[in-house]
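Reader: I have a model open and want to learn to read it. Can you take me through it, feature by feature?
Author: Gladly; ask as you go.

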Number of protein chains: 2
Amino acid sequence: MNKTLFAVALAVASTASYAQMKPEDAIQTRQAGYKFMAWNMGKIKAQVEAPETFNKDQVVAAAKAIAGIATSGMGALYLPGTDKEVNGVPTKAKPELFADLSSGAVKVKKFAGDLVKESAELVKVAEGGDAAAVKAQFGKLNGTCKSCHDDFKMK
Amino acid sequence: MNKTLFAVALAVASTASYAQMKPEDAIQTRQAGYKFMAWNMGKIKAQVEAPETFNKDQVVAAAKAIAGIATSGMGALYLPGTDKEVNGVPTKAKPELFADLSSGAVKVKKFAGDLVKESAELVKVAEGGDAAAVKAQFGKLNGTCKSCHDDFKMK
């Protein structure tokens, strides 16, 4: 899965239309993806922390949004030249992320693969409708977000 | 489907955690959703216009990201007070959108339902792997985006 994901990201990045993507647009697009995932994480968090509000359909929908974004090949948005502010658009990505990309993307592949795997699993668990199970899997997914942020996102 | 979608949006909007969402954050989050959908629409467009680049896995992934976002209850992000610039965050939503929401959301429900339906259909068609069929369904989905923009988004 990790290899596939990264292959997809690289393939997308190398198509003609993506050679034309402006670096500031790549930064804003990846930030948009994370922001939208975070909104959906917040909805799930609120419901697992107050199980009387748990609504299976809402949680499934939120999990699918997260999984869909996570699996869409965001690696393609870490274009060369997007490692620092470009045309007034800042980034919180650490230099360590781009250093890892340049040297085989070992950590990036691991984090991306974990995000894809744990978000897909959250969809499955949510479809089961058990709030406690969703809470546990949500915790796992949140852990993958945090691990990546610790290494690659500025405070 | 339209009714369900809107009910979900309203239910999410009415939970405690969403009463606390700042209006400027609601505007930025809906814009993030549209921006990320647009990126994925662009990937599919590039591939159906140059069928020799068509990659089923990439198109399915892009379609799932769009469908996931479209179905996540974005209606909840059109909170009261988000009909104009708030704390320096502008919006391109027209007053007509909020007028429609106030008077039964007839058009909003129709557009939201179409977006959910046509994006789900795009996932199915993409999984079939036929580039020409994807092009046709992509056109339909793009038409639903455009219809809503014509009525509710400033130029």
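Reader: Where is N87(A) placed?
Author: This is a predicted model, so keep that in mind throughout. N87(A) sits in the loop between helix 4 and helix 5 (95–102) of chain A.

Reader: Is N87(A) buried or exposed?
Author: Read the relative accessible area; over 50% counts as exposed. N87(A) has 64%, so N87(A) is exposed.

Reader: Which loop holds A105(B)?
Author: A105(B) is in the loop between helix 5 (95–102) and helix 6 (106–128) of chain B. Its phi is also worth a look: near 55°, a positive value in a residue other than glycine.

Reader: And is A105(B) buried or exposed?
Author: Under 20% counts as buried. A105(B) has 1% relative accessibility, so A105(B) is buried.

Reader: Let me try a helix residue. Where is T144(B) found?
Author: T144(B) belongs to helix 7 (residues 131–152) of chain B. Its relative accessible area is 12%, so T144(B) counts as buried.

Reader: What does T144(B) touch?
Author: Set aside the sequence neighbours when you ask this. Leaving out residues up to four places away in sequence, T144(B) touches D114(B), L115(B) and E118(B).

Reader: Now salt bridges. How many are there over all chains?
Author: The rule asks for a side-chain nitrogen of Lys or Arg within 4 Å of a carboxyl oxygen of Asp or Glu. By this rule there are 16 salt bridges over all chains.

Reader: Which residue forms a salt bridge with K45(A)?
Author: E49(A) does, and the closest N and O atoms are 3.3 Å apart. E49(A) and K45(A) are four residues apart in helix 3 of chain A, so about one helical turn separates them. K45(A) itself is partly exposed, at 38% relative accessibility.

Reader: How far is K45(A) from Y34(A)?
Author: Their C-alpha atoms are separated by 16 Å, and the two residues are 11 apart along the chain.

Reader: Which parts of the chain does the pair E127(A) and K64(A) link?
Author: Start with the bridge. E127(A) and K64(A) form a salt bridge, with 3.9 Å between the closest N and O atoms. The pair links distant parts of the chain: E127(A) is in helix 6 (residues 106–128) and K64(A) in helix 4 of chain A, 63 residues apart. Both ends are partly exposed: E127(A) at 38%, K64(A) at 42%.

Reader: What about D151(A) and K107(A)?
Author: Their side chains meet in a salt bridge of 2.7 Å, N to O. Again the pair links distant parts of the chain, with D151(A) in helix 7 (residues 131–152) and K107(A) in helix 6 of chain A, 44 residues apart. D151(A) is partly exposed, with a relative accessible area of 25%. K107(A) is partly exposed as well, with 41%.

Reader: What area is buried between chain A and chain B?
Author: The size of an interface is often given as the accessible area lost when the parts come together. Here about 2400 Å² is buried between chain A and chain B, and carbon and sulfur atoms give 72% of that. K35(A), F36(A) and W39(A) supply 27% of the area that chain A buries against chain B, more than any other three residues. The contact takes 30 residues from chain A and 30 residues from chain B.

Reader: How many salt bridges cross the interface?
Author: The rule finds two between chain A and chain B. One of them joins K35(B) and D25(A), at 2.8 Å, N to O. For polar contacts, count four residue pairs between the chains.

Reader: Which elements supply the side of chain A that touches chain B?
Author: Helix 1 (2–14), helix 2 (16–19), helix 3 (23–49) and helix 4 (56–70) of chain A each give two or more residues. Helix 3 has the largest share, 12 residues. By type, that side of chain A divides into 15 nonpolar, 11 polar and four charged residues.

Notes: Residues numbered from 1 in each chain as written. Chains lettered and ligands numbered in written order. Predicted model: local features only at pLDDT ≥ 70, side-chain atom pairs only at ≥ 80, totals over all residues. Heavy atoms only, no water. Buried < 20%, exposed > 50% of the residue type's maximum accessible area, 1.4 Å probe, protein only. Contact = heavy atoms within 4.5 Å. Buried area = accessible area lost by both parts, 1.4 Å probe. Polar contact = N/O pair within 3.5 Å; in protein donor to acceptor, adjacent residues only side chain to side chain. Nonpolar A, V, L, I, M, F, W, Y, C, P; charged D, E, K, R; others polar.
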